[in-house]
Amino acid sequence: MDYFDIFISILGSAVRLSIPLLFTALAGLFSERAGIFDIGLEGKMLASAFAAACVAYWTGNAWFGLLGGIGVSIVFSFVHGFASITNRGNQIVSGVALNFVAAGLTIVLGQAWFRQGGRTGQVPPEGRFSSIVLPGADMMRDVPIIGPLYANVISGNNILTYIAFLMVPISWWVLYRTRFGLRLRAVGENPGAVDTAGISVAWMRYRSLIVAGFLCGFAGTYLSIAQSAAFINNMSAGKGYIALAALIFAKWKPVPVMLACLLFGFLDAFANFMQGKSMPLIGEVPVQIFQALPYILTCVLLAGFIGTARPPKAGGVPYTKER
Amino acid sequence: MSLDSPKEPAIELVGIDKKFGTVHANKNINLTVAKGSIHGIIGENGAGKSTLMSILYGFYQADHGEIRISGKPVTIRDSQAAIAVGIGMVHQHFMLVENFTVLENVMLGAEGGQLLAKGVASARKELKRLEDDYGLEVDPDGIIEELPVGSQQRVEILKALYRGADILILDEPTGVLTPPEADHLFKVLRVLRDQGKTIILITHKLREIMAITDTVSVMRRGEMVATRKTAETTVEELAELMVGRRVLLHVEKGAANPGAVLMSVRNLTVKDSRGVTMVDDVSFDVRAGEIVGIAGVAGNGQSELLEAIAGIRKPSSGEIFIDGKPVAGVDPAGLRDLGLAHIPEDRHHMGLVLKFEEYENSILGYHRDPRYGRGPFLDLDAMRKDAEEKIAKYDIRPPNPRLRTANFSGGNQQKIVVAREIERDPKMLIIGQPTRGVDIGAIEFIHKRIIEMRDAGKAVLLVSVELDEIRSLSDRILVMFAGKIVGEKSGEAGEQTLGLMMAGIAA
Ligand SMILES: Nc1ncnc2c1ncn2[C@@H]1O[C@H](COP(=O)(O)OP(=O)(O)O)[C@@H](O)[C@H]1O
Ligand SMILES: [Mg+2]
């Protein structure tokens, strides 16, 4: 294989690996711009991966699987909202609790229902999102440069991948061009301004969490029935946290979120590629370095080396009027 | 009512009562505000003015009581309901989204449809009209955090008018304004009144009440104690009603007797955390036995100057000399050892740990003093005895060193800080906002202590945004504007002169 082919194959897998990050980071974008920190993204993703796999396994329909994934993710969002909006609890505590619940519950239920040590049953092909070959992909394959790029990176993905990229401009449009988006951004900066403008702060924040749950449901579904064919123990494997890192790295803006997710996806793909390979001079590079890079980059950013990340001002603070 | 008599009430509040936990913020309040008038509400800090108005605006819910608008009883469950009956409010702490444009802030909650595009054009037009009608100039595309406070306040007023408010409540609107800006605001308010709007103006500045209101109501400790026609009352009467006893509005002080220079600042430049220059090449001296006041509208660099001298903020260039010694790199504890005491601007943020008991705060920062313990151990008995002495001397109430500091009123909290710093008998004293949020009685007390310090030959540097305070205490006044000292005047300088300097207009 020449270098270009290697590059194309890494790029292809980078795109695939970035999709769950992208859905999750966009989910985080909606909740954090509304002032609700969402460390529970990881748990939501895991729970929805489990739900999607179960539903798809039982019904044999990928779309029902997706609905299941979204539904469970939204339920988790409501729990988070109930704890942190209605009862004004600590958002981090609530999010971490959800992560634990998701990790435990998926194993317990999985074992009870499938008895495969936490795995769900193998989802049949019609219960999965399989790759779509875009028109002309085979014909294009031989065109230099663009050909392989089109055939192996752009074409050959499943529908959720395309939806993920479509969500980027849609999120931007919703945030910056609609009344909902204006109010959502306002409630994350100064809920007092929203309240005195006669808008319910709690309801705005619940709605943003619903959107977050909706998007995160896609991420989980992608993991279990698009990227794989079953739910596996702890299959989110920290992607929720990487997505949060991407969100910070992107300074809470939709298009940069996409770029950050692609970058982190690329690092992941590169790490996979480097596994066990030795480099001239250096020898074998531990893959952990690449796995740690997203966090390191985010820390460097937070330390102020790459501009400043200005989080939503009211983020993490429950809205109370009476002291 | 068939006839539009000017006496028709726009607002009637009947028996409004509100408690926050154990704090009885509003006690059975009755208030009638005539349509088309400017009605002042005056009272000390904590009297319950903001609470009452926030109830009218639906921000808080009253525990009891009735609200009538133009004679009709209404239930105001939230701000939306208040807006619907024509009430608009400019809050004491602005309710603006700082990284939004003016236009976005004005539209928030009144966007005119699901999509923003539709509303933007009409909002822009309406904003222009309001600007022309009332002289409320502001750039619709300006970002709030980049606007001066005066403009931010105009945005708040525009927000209310954009929503069609007939009744406009302004909570302490002049606290953040220069005197010329305040005059401009009053002009706007008069125009609004003459067009038939009803205005409620909350303030604790008696002068403003006399200058602009038609009627004035006085609140004290949660109660409405009196309502007067402004033309028929005097500043003295209002002050007495506010405090509940006779008060001296002016501090008595003799001539200063300045000695050697104890504190000097040379070409000091200080940047804030964003790298913006807040203090710009400032130089001055403070001598023993004089009070030097720094006047200026909040945010013109006084806070940063004070913090730099106190050793809390690192200057980016320039020098500070304490008692002749350069003190670059000396930390606050080191400065204290050199005889510099600091009463910080914000007692909650810097002066006190609110969760500590009173006696702990009363030695905060001096805990290494051998009087209060040995080695790593504190001598609690000595600390408490010491605290009790200060409590007696400064009449801190309740006189209980074991009470949590948060449970003292603002005035008493401030006295704890003042007692701690002054009783160390420092050579130099730097004070920020000595009486912010402090009741008149305590103001009088704290002012007397400051003058005593001067008369005892200490160098006093005073920063305050209250021009009256600066004028009545200072022997010399330096005016700060945009990080620079734009001029020096004697303590007798007129308010007008200083006001123009504070606005950066004249030197
Ligand atoms: N949101 C709140 N929660 C609890 N206590 C409050 C709240 N707002 C005001 N208070 C208390 O109510 C009293 C009246 O406050 P406020 O209405 O702000 O007075 P004013 O505006 O006259 O200075 C004060 O003792 C204050 O500490
Ligand atoms: Mg107030």
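Here are a few notes on this predicted model, covering a metal site, some helices and the domains of chain B.

1. Start with the magnesium ion (ligand 2). Ser50(B) coordinates the ion through OG and Gln92(B) through OE1, at 2.0 to 2.3 Å. These two residues bring together distant parts of the chain, 42 residues apart. Ser50(B) belongs to helix α1 (residues 49-56) of chain B, while Gln92(B) sits in the loop between β6 (87-90) and α3 (102-107) of chain B.

2. Are those two residues buried or partly exposed? Buried would need under 20% relative accessible area. Ser50(B) comes out at 24%, so it counts as partly exposed. Gln92(B), at 32%, is therefore partly exposed too.

3. Now look at helix α5 (residues 149-162) of chain B. From first C-alpha to last, its 14 residues reach 20 Å, close to the 20 Å expected at 1.5 Å a residue. Of the 14 residues of α5(B), 13 are buried, so the helix is largely enclosed by the rest of the structure. Just after α5(B) comes Gly164(B), with a positive phi of about 80 degrees.

4. On the domains: chain B splits into domain 1 (9-243), domain 2 (257-339 + 426-507) and domain 3 (354-423). Between the C-alpha centres of domain 1 and domain 3 of chain B there are 39 Å.

5. Over in chain A, check helix α11 (residues 239-249) against helix α12 (residues 254-274). Their axes come within 8 Å and cross at roughly 130 degrees, which means α11(A) is oblique to α12(A). The crossing of α11(A) past α12(A) is right-handed.

Notes
Residues are numbered from 1 along each chain as its sequence is written. Chains are lettered from A and ligands numbered from 1 in the order in which they are written. This is a predicted model: local features need pLDDT of at least 70, side-chain atom pairs count only at pLDDT 80 or more; totals for chains, interfaces and linings use all residues. Side-chain values use heavy atoms; hydrogens and water are left out. Helices (H or I, at least four residues) and strands (E, at least two) are DSSP runs, numbered from the N terminus. The expected span of a helix is 1.5 Å times one less than its number of residues. Buried means under 20% relative accessible area, exposed over 50%, partly exposed in between (1.4 Å probe, protein chains only). Donors are N, O and S atoms within 2.8 Å of the metal (3.2 Å for Na, K and Ca); water is not among the atoms, so sites may look incomplete. Domain bounds come from an automatic or database domain assignment. Axes are lines fitted to C-alpha atoms, for helices over the stretch in contact, and angles run from 0 to 180 degrees between N-to-C directions. Angles under 35 degrees count as roughly parallel, over 145 as roughly antiparallel, 65 to 115 as roughly perpendicular and the rest as oblique. A crossing is left-handed if the near helix is turned anticlockwise from the far one by less than a right angle, and right-handed if clockwise.
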